[in-house]
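This report describes the fold of a protein and the surroundings of two of its ligands. Please consult the sequence and the structure shown here before reading on.

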Amino acid sequence: MEKTCADALPLTMNSSEKQETVCIFGTGDFGRSLGFKILQCGYSVVFGSRNPEMSSLLPSSAEVLSYSEAAQKSDIIILTVHREHYDFLTELIEVLNGKILVDVSNNLKINQYPESNAEYLAQLVPGAHVVKAFNTISAWALQSGIMDANRQVFVCGNNSRAKQRVVDIARTLGLTPLDQGSLTAANEIENYPLQLFPMWRVPFYLSAALCVFFFFYCVIREVIYPYVYEKEDSTFRLAISIPNRVFPITALTLLALVYLPGVIAAILQVYRGTKYRRFPGWLDHWMLCRKQLGLVALGFAFLHVIYTLVIPIRYYVRWRIRNITITQVMAKKDNPFSTSSAWLSDSYVSLGILGFFLFVLLGITSLPSVSNTVNWREFRFVQSKLGFLTLILCTAHTLVYGGKRFLNPSSLRWYLPSAYILALVIPCTVLVMKFILIVPCIDKTLTRIRQGWERNSKYSKSALKGKSDI
Ligand SMILES: Cc1cc2nc3c(=O)[nH]c(=O)nc-3n(C[C@H](O)[C@H](O)[C@H](O)COP(=O)(O)OP(=O)(O)OC[C@H]3O[C@@H](n4cnc5c(N)ncnc54)[C@H](O)[C@@H]3O)c2cc1C
Ligand SMILES: NC(=O)c1ccc[n+]([C@@H]2O[C@H](COP(=O)([O-])OP(=O)(O)OC[C@H]3O[C@@H](n4cnc5c(N)ncnc54)[C@H](OP(=O)(O)O)[C@@H]3O)[C@@H](O)[C@H]2O)c1
Ligand code: HEM
């Protein structure tokens, strides 16, 4: 790598064209990687360093000078130095006057300082045009090729000409610059790389809590209860039987939780008679993480399907079938074929397969490459209409699975019903509320509200009156 860096030749170098010079302050990991990439893309690079003579790791075609000498060579300076070391710039205020100063820095914690690094830099060197950029690109990505890494470069700054120069450089490097406006956006841009799956946190915690709850619930019913009453060791159920209850129950509950906030939002809108009032914060956040909730639910549904596929090869299942057969042979008596049981069994499996198919379809349409090819109406048709159909099918799959045992008192253990009955509470509630919302008179009101109509016309009248008084 070092050798390649040292031998770096511009990919687009044209000897007849005068090369634009970019100055990079700092010869650390990021400065070196960025310098190498910029050189490759046809610019000439001048590094500014505290020790210009210690430059063995830098590309040989780049010049290495002291900070003040390097600054004089270019009108654009990329500052690849940590914020804590910005003090040395105060000695260079004159030479930096009118130059474009690109701040690439990140912090260790979100909102570590009262102001963003870029705004701090602008205060430190008031004569320079500070632009925030490149902080979302890693030195590793620049070295190993940006094909398999994030290519988005968020750019902000108060001087549009300066911003445009940085945007041009980013584009030449094969990156995707995105203008985020003025320097006040720097704080947000600096926080991006520090966030750890913010939208995934609630779905993960929620699914973990549901898994833990239902796991212990099933352990009490299916392991501890038989042990207490029949001294039966059912601990083998911990491996497949119980996970194959916990995972589909979690999937179904999460799927219902994807569609519950939309229903609550609709009820709020109908109740308030307007769409122009903000939803409470928790509902806003819930609505924003529905995609992640749905994808986590899909992951659990996948697990359920895989666990279900192995049911026929389980020792316990084969043993039970063999035993039933032997018992019947010995008793010289077979169980008559029950058409209703066959119907129930085939129906619930079929409903599960159809539900899973639509579930996967929802997952596929949420891929950016697919969602970019459909329009808003098509996306909503799949996500909202087919999404509710998925919920209906998965709920029906579970209801029919309960079949004749459903709500049968003999299935209670220590007064605890089967876990799948608990799993049906939220989905059934969501579906009932949704069916109420699509009753024509309510649906009509909701549609009008979403088109801007407000029930409480008193406000608008008094507002109008107020206006005319003025
Ligand atoms: C596997 C999977 C993948 C998913 N992927 C995605 C994804 O990529 N992106 C995504 O967003 N969701 C995704 N979801 C979540 C979910 O499918 C969508 O959010 C879906 O649109 C929710 O439908 P809804 O009818 O409940 O809500 P919405 O259609 O969003 O409507 C909910 C509420 O929004 C408000 N509203 C809707 N229309 C209007 C309007 N015209 N004017 C004013 N207010 C309005 C109303 O308050 C309404 O009640 C995914 C779910 C799953 C299971
Ligand atoms: N590494 C990444 O992947 C990455 C990604 C995005 C953003 N960034 C940002 O880029 C900046 C540099 O990161 P880096 O990883 O390249 O850090 P680094 O390896 O520590 O390099 C920092 C450089 O700053 C210079 N410097 C100037 N004054 C200094 C002082 N007083 N003490 C120490 N160094 C001083 C040094 O260069 P000289 O010795 O030549 O003077 C040093 O090599 C940081 O702001 C970082 O947040 C880094
Ligand atoms: C290919 C698709 C599917 C098949 C073949 C399938 C099959 C099954 C089977 C065989 C059972 C009984 C398991 C047992 O006896 O232990 C079951 C139960 C269940 N399934 Fe599915 N299923 C599918 C998809 C889904 C989906 C998509 C969901 C919901 C998101 C779901 C939710 C449930 C639930 C909640 C139970 C009850 C769990 C319990 O308490 O035992 N299934 N399914």
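In strand S2, Val46 is the residue that stands opposite Cys23. Five bridges connect strand S1 (residues 21-25) with strand S2 (residues 44-49), and the two run parallel. Helices (H or I, at least four residues) and strands (E, at least two) are DSSP runs numbered from the N terminus, and two strands pair if DSSP finds at least two bridges between them.

The model is predicted: local features need pLDDT of at least 70 and side-chain atom pairs count only at pLDDT 80 or more, while totals for chains, interfaces and linings use all residues. Residues are numbered from 1 along each chain as its sequence is written, and chains are lettered from A and ligands numbered from 1 in the order in which they are written.

**The sheet and its helices**

S1 and S2 belong to an open sheet of eight strands with mixed pairing, in the order S3-S2-S1-S4-S5-S6-S7-S8. Strand S3 (63-66) and strand S8 (176-179) each have a single partner strand and stand at the edges, so one side of each is left without a neighbour in the sheet. On average, neighbouring strands of this sheet are turned by 30° against each other, direction ignored.

Axes are lines fitted to C-alpha atoms, for helices over the stretch in contact, and angles run from 0 to 180 degrees between N-to-C directions.

| Helix | Strands crossed | Angle |

**The ligand shells**

A residue is near a molecule if its C-beta atom, placed from the backbone, lies within 6 Å of it. Around ligand 2 there are 20 residues, of which Thr27, Gly28, Phe30, Ser49 and Ser105 come nearest. Helix H2 (residues 29-40) gives the most to this shell, with three residues.

Ligand 3 has 24 residues around it, and Pro248, Ala251, Gly352, Phe356 and Tyr420 come nearest. Among the elements that give two or more residues to this shell are helix H10 (243-272) and helix H14 (339-365). H10 supplies the largest share, seven residues.

**Domains**

The domain assignment, which is automatic or from a database, gives domain 1 (2-194) and domain 2 (201-465). The C-alpha centres of domain 1 and domain 2 lie 50 Å apart.
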